[in-house]
Each structure stands twice: as C-alpha cells, then as structure tokens.
Amino acid sequence: MGHPAANVEGKKILITGGASGIGAASALLLAERGAKVVIADLSEQAGNEVAEQASAKGQSIVFHKVDVADGESVRALFAFAMEQLGGLDVVLNNAGIDHKPAPMHELSDDDFDRNIAVNLKGVWHCMRAAIPCLLPKGGHVINVASVAGLRSSPMISAYSASKHGVMGLTKSAAIEYAKANIRFNAVCPSFTDTPMVQNTLAQLDERAQNAIIKASPMRRLGRVEEISGAVAWLCSDESSFMNGHAFTLDGGMLA
Ligand code: NAI
C-alpha cells in the first residue's frame, strides 16, 4: 500500500446536498478513500443513486432525506448520522441553490428569501446541529460558500449575500470553538461544471455564457473533481492548522 495524500480512511463524514454536483463528487471520492459517508439531500432519487454507485463498489455511502431550510429536518438528519456512523468527524455543508440572474431592483421576494433560507439559514441549521455532535472529540465543519461570498457578484446579489453570510458564520464559529478543537473553514469555488451551473448557462444568451466561462483567468469552468480533491484534503488531518479561512478554488479569479 502506498501512502495516499489526504487520508480519510475511517472518517465519519456527513455531506448535505450530496445527491448532485460538488456534493456527490466529494461523497464518492471520500468513500473511495475509505471514509464512511452519510449524504443528505432534498432529492431522494438522485441521493439513492449516488449511494448505490458507492455500494456497488463495496464503499460506504448512506442516503438520508433532508430539507436544510427546515431546522427540525436538520435535527433529525444529525440524529440519523450519529446513529448510522457512530459519531461524526467532518460535516460538509454543501447544499445550496442559486437564482436567475437579475439586477437587484428586479429580484423577487421569493428568490431573495429562498436563497437566504437554504444557503444561509440552512448552513446555520447544520452548524447548530453539528456542534454538539463534535464537542466531545473535536472535528471539522466545512461550509461550501463561493467566490460570490468573497467579492461582488453582479446579477446574483441574493446568492452573493447568502454566501457572504456563510463566511461570517464560518469565521465567527472558528473563533468560538477553537479551544474545543472544532475547526470551521469554507470552500470558495468559482463557476464549476455542475447541474446548477449548466441550468444557469441554459438560461443565458451566448455572450453571457461566454462571460461566465471566461470569468476565470484559466478561461474555463472548474471541474467537480478539482473541488472534491480540495474537500478531501480538508477532511483529512493534513488540514489540522487551517481554521476560519476560505479555501478559494477559482483558477486565479481573485488573484
Ligand atoms: P447542484 O445543484 O448540482 O447540487 C446541489 C444539491 O443541493 C442538489 O442535489 C439539491 O437537491 C440540493 N439541495 C438544494 N436545496 C436543498 C435543501 N433545501 N435541502 C437539502 N438539499 C438541497 O449544485 P452544485 O453546483 O454542486 O453546488 C453545491 C454547492 O456549491 C452549493 O452550495 C453552491 O452554491 C456551491 N457553489 C457552486 C458553484 C458552481 O459553480 N457550481 C460555485 C461556488 C459555490
């Protein structure tokens, strides 16, 4: 056996939004490297398919349905994960949505409220539920924010506000729980090729599509495996001195 980087063997990991895109890619990579993973998502069918893909290879992913916008649903999820895994080492708060690009004065109440409810309050629900589970032994909470949580994001202002909020939660909790050895970090990708982004691209004309693709100096979308590889490192003990920061994966956009 070699000595793989980002060793997550035996780690007990809960991933929200694990049925698709970055969450599914992270779950599959972590399970392949020997982690025991619970994925949670609104989408039962897609979630069960990801779990089946892993079990077909003898790897460990179990699906549980959740709506992260609902605090009771999140409490039930954490009780399930603690029971299923016999504890928790890492929580990846990845479930999220975006909204149709629009200038701020044309944004609907519904788009604004829903982005805050899922992306910001949903992450808070999960952090609140995760902390008591991690207090006895320490652990790591990884929140998937975005470059939109670090800088201006014209036309997606509600999304951007929700992701800036996630950065605030991440940094504050990192200080509050440092003594308890619970770390909090954020992952901040730029546009990455997932169903979420493909759905956005499909609503735009060619000029706007190219603007998104070329927003990164590398002039391409990120690939999910470029995000999941970083997530795996964060889940491993190799990240043990990183706390309260953004792990930015953007091809140089913010450089
Ligand atoms: P995706 O749409 O492929 O996957 C998101 C998953 O979250 C879906 O399976 C969806 O069912 C689930 N979900 C949505 N609302 C939920 C709720 N209320 N409760 C439980 N599950 C829910 O999207 P993608 O791109 O993989 O996004 C994952 C995360 O990465 C999101 O937080 C997103 O904001 C963030 N992100 C994505 C970027 C991208 O370019 N794809 C860039 C930066 C951040």
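Strand β2 (residues 36-41) is largely enclosed by the rest of the structure, because five of its six residues are buried. Buried means under 20% relative accessible area, exposed means over 50%, and partly exposed lies in between, with a 1.4 Å probe and only protein chains counted. Strands here are DSSP runs of E with at least two residues, helices are runs of H or I with at least four, and both are numbered from the N terminus. This is a predicted model, in which local features need pLDDT of at least 70, side-chain atom pairs count only at pLDDT 80 or more, and totals for chains, interfaces and linings use all residues. Residues are numbered from 1 along each chain as its sequence is written, and side-chain values use heavy atoms, with hydrogens and water left out.

Start with the partner of β2. Strand β1 (residues 12-16) runs parallel to β2, and five bridges join the two. Strands count as paired if DSSP finds at least two bridges between them. Ile 13 stands opposite Val 37 of β2. Thr 16 has Ala 40 of β2 as its bridge partner. β1 is mostly covered too, with four of its five residues buried. In a regular strand, side chains alternate between the two faces of the sheet.

β2 covers residues 36-41, and a polar side-chain atom of Asp 41 lies 2.6 Å from a ligand oxygen atom. That is a polar contact, a pair of N or O atoms within 3.5 Å; within protein, one atom must be able to donate a hydrogen and the other to accept it, and residues adjacent in sequence count only if both atoms are side-chain atoms. Taken alone, the ligand exposes 820 Å², and the protein buries 93% of that. These accessible areas come from the Shrake-Rupley method with a 1.4 Å probe; for residues, only the protein chains shown count as cover.

Which elements give two or more residues to the shell around the ligand? They are α1 (21-32), α4 (109-134), α5 (157-176) and α6 (195-202). α6 gives the most, with three residues. In total, 29 residues surround the ligand. The closest are Ser 20, Asp 41, Tyr 159, Thr 192 and Thr 194. By class, the shell holds 16 nonpolar, nine polar and four charged residues. Ala, Val, Leu, Ile, Met, Phe, Trp, Tyr, Cys and Pro count as nonpolar, Asp, Glu, Lys and Arg as charged, and the others, Gly among them, as polar.

Now follow α5. Met 155 sits in the loop between β5 (139-144) and α5. Its phi is near 80°, a positive value in a residue other than glycine. Met 155 counts as partly exposed because its relative accessibility is 40%. Within helix α5 lies His 164. His 164 is partly exposed as well, at 37% relative accessibility. Asn 181 is found in the loop between α5 and β6 (182-189). Asn 181 is not a glycine, yet has a positive phi of about 60°.

Val 62 is in strand β3 (residues 60-65). Val 62 is partly exposed, with a relative accessible area of 25%. The C-alpha atoms of Val 62 and Ala 51, 11 residues apart along the chain, are 5.6 Å apart. Arg 75 belongs to helix α3 (residues 71-85). Its relative accessible area is 46%, so Arg 75 is partly exposed. Arg 75 and Ala 25 are 50 residues apart along the chain, and their C-alpha atoms are separated by 25 Å.

Last, the cysteines. How many disulfides does a search of the whole structure find? The search finds zero. A disulfide is a pair of cysteine sulfur atoms within 2.5 Å. Cys 133 is in no disulfide, and the nearest cysteine sulfur, that of Cys 126, is 11 Å away. Cys 133 is buried, with a relative accessible area of 17%. Cys 188 is buried at 0% relative accessibility. The closest cysteine sulfur to that of Cys 188 is in Cys 235, 15 Å away, so the two are too far apart for a bond.

Definitions and conventions: Near = heavy atom within 4 Å.
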